[in-house]
Structure formats: C-alpha cells, structure tokens
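Have the sequence and the 3D view ready.

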Amino acid sequence: MQLRLEHVTKRFRETVAVADVSVTMENGVYGLLGVNGAGKTTLMRMLCTLAVPTEGRITCDGEDIFEMDMRYRKILGYLPQDFGFYPDLCAEDYLMYVASIKGLRPAAAKKRVEELLHRVGLYSVRRRKMKKLSGGMKRRAGIAQAMLNDPKILVLDEPTAGLDPNERVRFRNLISELSQERIVLLSTHIVSDVSYIAKRLFLMKDGRIVHQGSMEEILEHTPVRAWLCTVSKERTNACLKKWKVANIRAGSGGNELRVLSDLPPMEGAAEAELTLEDVFLYYFGEKAGDDDALL
Amino acid sequence: MLYYEFRKILSKTGNRIALLALLVLLGVTCYFAVNGYGTSYTDEQGVSRQGISYVRKLREARLAWEGPLTEEKLAAVIRKHAAVIAAPEYNSRDVTEQNIAYSWTQDYQDIRQMICRAFGEFRSYDYYKIDSLSPEDAADFYPNRIRALRTWLDTEAKDMYTEEEKDFLLERYEQLETPFYYTWYLGWDKLFEYGPTIQMIFVLVMGFVTAGIFAGEFSNRADAVFFTSYHGRKKAVTAKLWAGVLLSAALYWTVWGLYSVTVLGALGADGASCQIQVHVGWKSFYNITYGQLYLLMSFGGFLGSMFLLLLNMLVSAWTRSAVIAVTAPFIMIFLPSFLSNLSVPWLSKLLGLLPDQLLQMQTSVNYFNLYRIGGRIMGEVEPLFALYGALSLLLLPTVCALYRRAGRG
C-alpha cells in the first residue's frame, strides 16, 4: 500500500493552507508535526476526501483517491481532531452505527465492536451514553470507530489533545499496536506523541513540509546543537533574548539553560544530545511554545 | 443503518420532549373537539349539560329528522320553529325560560342552519332568517342555493371570473344531488374543525425532530466520521432521509388515527355519506360526502406534512443548521395567513396553491379559486395534490444530492 501526495496545494480564497506538499507513505507510523495553524488538519482532511486539493493529486497505489471514492473510503479510518459523536447513543450503539455506515454486516459488526471495545478498554462502559464518558474514553471510542473497518490507511488528527499523561501513554501504545500492516498518519503538536512510535516524521510549517525523515535523520540534519550552561538569575532574561532557549531549570547556583546554537553560547557551556523537542523549537521558533507544544 | 438512524433520532432528549409535547397537544385538541361549541345538550329545565352521555341525547334528538331533506321535512321544520317562536318561553326576558325554548329547537338546529344559509345572501349568514319564513318557502330551498350563486356571479363577482368559469361553477352547483340526506354528523363536523390544528401541530413538532437529522451531523461534529465512511456519501445519506420520511409518516398516521378514533368515538361516526353541503361545505362546488372529505383531509394532511418536512430536511441539509430548518415549516404555514389579509385576486389564487392549504382541506373545498390547467377548469384541490405530490418526489433525491455535497470543502 502506497499513499502519495504530489504537489498538493489547498487555498481558501487568498489563504494558502497547504502549499505544494509532496510526500510518499508506505506501511508504518508517520508523524506530522507542526504548530497550530500549520496546515496539518487541512492536509489530513484532503487525505480523507473531506477537502479537495486546489492543485496536485493524492493517489493510493497510483489511483486518485477521489476517483476511487467508496473503494478508498472502504480502506480508510479517520479520527478527526474535533471528534464528534452522538451524545445520547451509548458507546456500543455508537460503534454499531459507525460499523453500519462503514459497510459491515450486522453479525460481523457486532463481533468487531465487541472486540474493539475490549481492545480500547471500554467494554465495561459499553452501555454508558457517549456524553457521559470521560475525555480519554471518548478518544478511545474515537480510535475504535476509526479501526472498525480494519483500515489500511489510518489518519489520526491530534488524537491525544486534551488527554492526561497516563491516557496519552496508553493511547500511544494502542496506536503502536495498531500500526502493523497499515499506514498510520498521526498529526500532533505534541512532540513526545510521535518521537517514540513514528518511523518517519514530517515537520510542517505555514502549509509546507519543511523537513522530513526518520528521527535520526532529522536530528542529524538539523543545523543546530544543544548546549547546557548555567547563568545567574539576573542574566537569564538577557540570555533568553540572545539565544533560542529550549529549557530553563532553576537551581541554587543559578539557572541551567538549554540553548540551541551552532557554537557554544558561552565559556563553560557543555554540549548535550539534540532531541526532537530541540528540533521542533528550532524550526517553529516562538510559536512552538503555544499551548502544550513541548509537553 | 436505518435502525440506528431511528435510534439516533429517538434517543435525543429534545426529540423525546417534542414527541411528548405532541402527545399532550393531541390530548388537548381532542378535549376541545369533544367538548367544544355545539356539543352541549340543553335539558327541559333549560340547563346546559356537557359530556358524552349528553352528546348521545343530542344525537337521539337530531336523529328524529334523519332521512332525505324533502320539501315536506323542511316545511315541517319551519312550522315547528314558528310554533317555538310563538311560545311565551321564547319571548320571555328570563334566561332560563329562553333556554327552555332553545331546548325545543336543538333537534332541528342543523336543518335550521341550512335553511338560514339557503335563504340568506350568498356571502352572509342570518341565524334568525328562519323566523321570517313560511312552510311554503320550503320549495325554494334547493333552487335558492343555485340562485344565490348566480346573483353573486352577476353582481359582486362579475369581473372575478370568465364566462366559462361562471358556467363551470353553476354546472357544479346544478350537478349536486338533491334532496340531501340528513343524519347526525357532529363527529365529522368537529373532526374537520380541529383537524387542521392537529395537522399543523404535527408539522411544527415534527419539524423540530426532522430538522436535526441532517444538521445533527454537523452540530455534533460527527460529519467528518460520517462522510469518510464507506456509505457516507450514498446509502448512509439515503438512510437518513428514509428515517425522516418513515418516522414522519408513521407518526402522522398514528396521530391522525388517534385523533379520528377519539373524536368519532366520542361524538359518533354517523354521517359519512352526507353531502358536505349539509354543513361544512354549503357553498362548496365540490360535490362530495363527509367521508370523502375525510379522505381528502387525511391524504391532503399527509402530503402537506410530508412536503413541509421534506422541505425542512432540505433546509437542514443545505444550511447545516437545525435552527434555520425549524423555521421553514413555520414560515410556510403562517406567512400565508398574514398575506391573506391583502385582498388581491392574483395573490388569493397564489395563496390557494401554497402547501398550507393541504393542511386545511375543509377550507380548500370551500374556496372559489379556479385554475385552468390543460384546458380544464378546476378548483384548488386537484392542482394541490398534483403539485405537491410531484414536488415531494423531487425533493427526495434533491435532499440526498445536496447533503452528499455538504461534507466536502
């Protein structure tokens, strides 16, 4: 299975949401990293046939996904960022309904729903109304609905947004388990979500893929180094203005800064191993601090 | 798929409240129909009594006049009335005495009303007209109906119709079989009186329910999952539409059936074979019976409800807003009422073809709006059924096509 985007652009009147994106994906987990407003959701909506590219084309094994129509949607699973459901249906009925519109026959749907309810840990609350589930449970119901048709292409848009750390780890493990024999594209602005599980990363900024590769390749090719240096509390503000600081740790002898720079920022600075968070900060600058980007 | 669409609709708290409200309003409407004006019985002491047992007494009294309304029978009514108005009780200033006198008239009240219509002007009604009649006047009862129309067409309505249209109306009047057959018809009368109310209530309440079927995917933000599913742009959309149509149809016949059974059960179902001209349609040029008018009302109400609810679903699918969709039936039902105050002939013809007319068939059969279609002259009933039957069929694929496109940006 190969999913290919060729010079894909999406414009909304004067605004270019996605600009000339060309990527190829084969089985495995792909991470789409970018700050809010980078164009990740628009790109994913095009991949899910919810939006039509203004230019370029998206193909699945060489065939245009919009021409494939139902055949493409048959192998697609999608968990939208703004995942909505029918609040008055119970979790089981919700999944049974989605199974029906995904074309599963009732007997197969029942079996599959039961299996997925167990897998995502919702079996015990299957008769509870969707609106009464916790945020984490709703997200798990979301991943379950995306998996109902055993999709070959699984698109997850910000699947961990709003989840607590425990739920996020659980979610990550679940995605990792599901990633066999399929393409999983995971969009997020939370670096740790993808750093563990993605085989390849796409860094997206202002509608463009600015960098792509495996985590090692990205770390290797990012033209910056990380340095640890300790400065007095009085000098911290001046340092923040002068360098890109990825982290500040307060200590009794002053603040330990993690500075991103080609050269040692000061005498005594010790080089540290570059992380994906550093790369994220390097590419996305101040915007990377929005929301919980570096969590 | 269809089963879960039903579950989605019926599991919504708002929809459950709406359906409960529909049930309550049905009960209230039935109460008014069964206990409303004309259902009381005045006993020999002049006391007005209400209730099913008194409706039965009233029925027994009126059935004394059952049968063909011949000249002799009409003359007998005029004679009896003359005797009543000559009685001291009738002329007394005491209300109880007057009520006692009224109790002597209640057996022939239906026939009295017909006589007053027959001997009055075409567009007026004088309740006391019978007071001035003699038994010999009874011979003019049936000819007067045609004479009044002819006079009206030659004077007031002189420029409103073409000669051909005038001939059409007169011909229809002349075709009416006489003498009328009279029997107790209060059940039908009340059913027709409150029928439009229950049909309008049904459309307005169901409009609330169906408005959410298509817009709900967007308001619940469930549209992305819906439209990316295998059947999301085809069968799943059709299932939504059928859920709306089947639920509306099933509830319409349930509500209308319950209403009919309650009213006719309480007030009696006699009179189905009476001409509508005996009461609700004295001036109507539709020569049909109460039973036929009931069928017209039932199927007209059904078609009107279906059309307005399909329109509501179309607006819902198009605007993605249940709030805007809910207003569609309101506008279609209430706007014509405001516009009808303007006495513009062409507007009256136009208003006669709006879908709200299907919800008030007992009024439609009484309107004198004439249309020439394919060389034939007809009233508004025939084109209403043809027009909204065709439009409803057209709306079915349109709603689906519109919604299929809604989910793609």
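## Where the chains meet

Between chain B and chain A there are 13 residue pairs in polar contact, both partners having pLDDT 80 or more. A polar contact here is a pair of N or O atoms within 3.5 Å; within protein, one must be able to donate a hydrogen and the other to accept it, and residues adjacent in sequence count only if both atoms are side-chain atoms. On chain B, α1 (2-11), α11 (223-227) and α12 (235-267) each give at least two residues to the side that touches chain A. The largest share of that side, five residues, is from α1(B). Sorted by type, the side of chain B that touches chain A has nine nonpolar, nine polar and 10 charged residues. For that sorting, Ala, Val, Leu, Ile, Met, Phe, Trp, Tyr, Cys and Pro count as nonpolar, Asp, Glu, Lys and Arg as charged, and the others, Gly among them, as polar.

This is a predicted model, so local features need pLDDT of at least 70 and side-chain atom pairs count only at pLDDT 80 or more, while totals for chains, interfaces and linings use all residues. Residues are numbered from 1 along each chain as its sequence is written, chains are lettered from A and ligands numbered from 1 in the order in which they are written, and side-chain values use heavy atoms, with hydrogens and water left out.

## How much is covered up

Chain B brings 28 residues to the contact and chain A brings 35 residues, where contact means heavy atoms within 4.5 Å. Together the two chains bury about 2,800 Å², with 57% of it on carbon and sulfur atoms. Buried area is the accessible area (1.4 Å probe) that two parts lose on being put together, summed over both.

How many salt bridges cross the interface of chain B and chain A? The rule finds three, a salt bridge being a side-chain nitrogen of Lys or Arg within 4 Å of a carboxyl oxygen of Asp or Glu. One salt bridge joins the side chains of B:Lys234 and A:Asp69 (3.5 Å, N to O).

## On the chain A side

Look for A:Ser100 in helix α4 (residues 91-101) of chain A. Is A:Ser100 buried or exposed? A:Ser100 is buried because its relative accessible area is 11%, and buried means under 20%, exposed over 50%, partly exposed in between (1.4 Å probe, protein chains only). Leaving out residues up to four places away in sequence, A:Ser100 touches B:Met1 and B:His231.

## Getting to know chain B

Chain B has 17 helices and six strands; helices (H or I, at least four residues) and strands (E, at least two) are DSSP runs, numbered from the N terminus. Of the 409 residues in chain B, 54% are buried. Its C-alpha atoms fill a box of roughly 85 × 50 × 30 Å, taken along the principal axes.

For a closer look, find B:Trp256 in helix α12 of chain B. B:Trp256 counts as buried because its relative accessibility is 2%. Its side chain makes a polar contact with the side chain of B:Tyr294 (3.4 Å). Not counting residues up to four places away in sequence, B:Trp256 also touches other residues, including B:Leu191, B:Gly195 and B:Met297.
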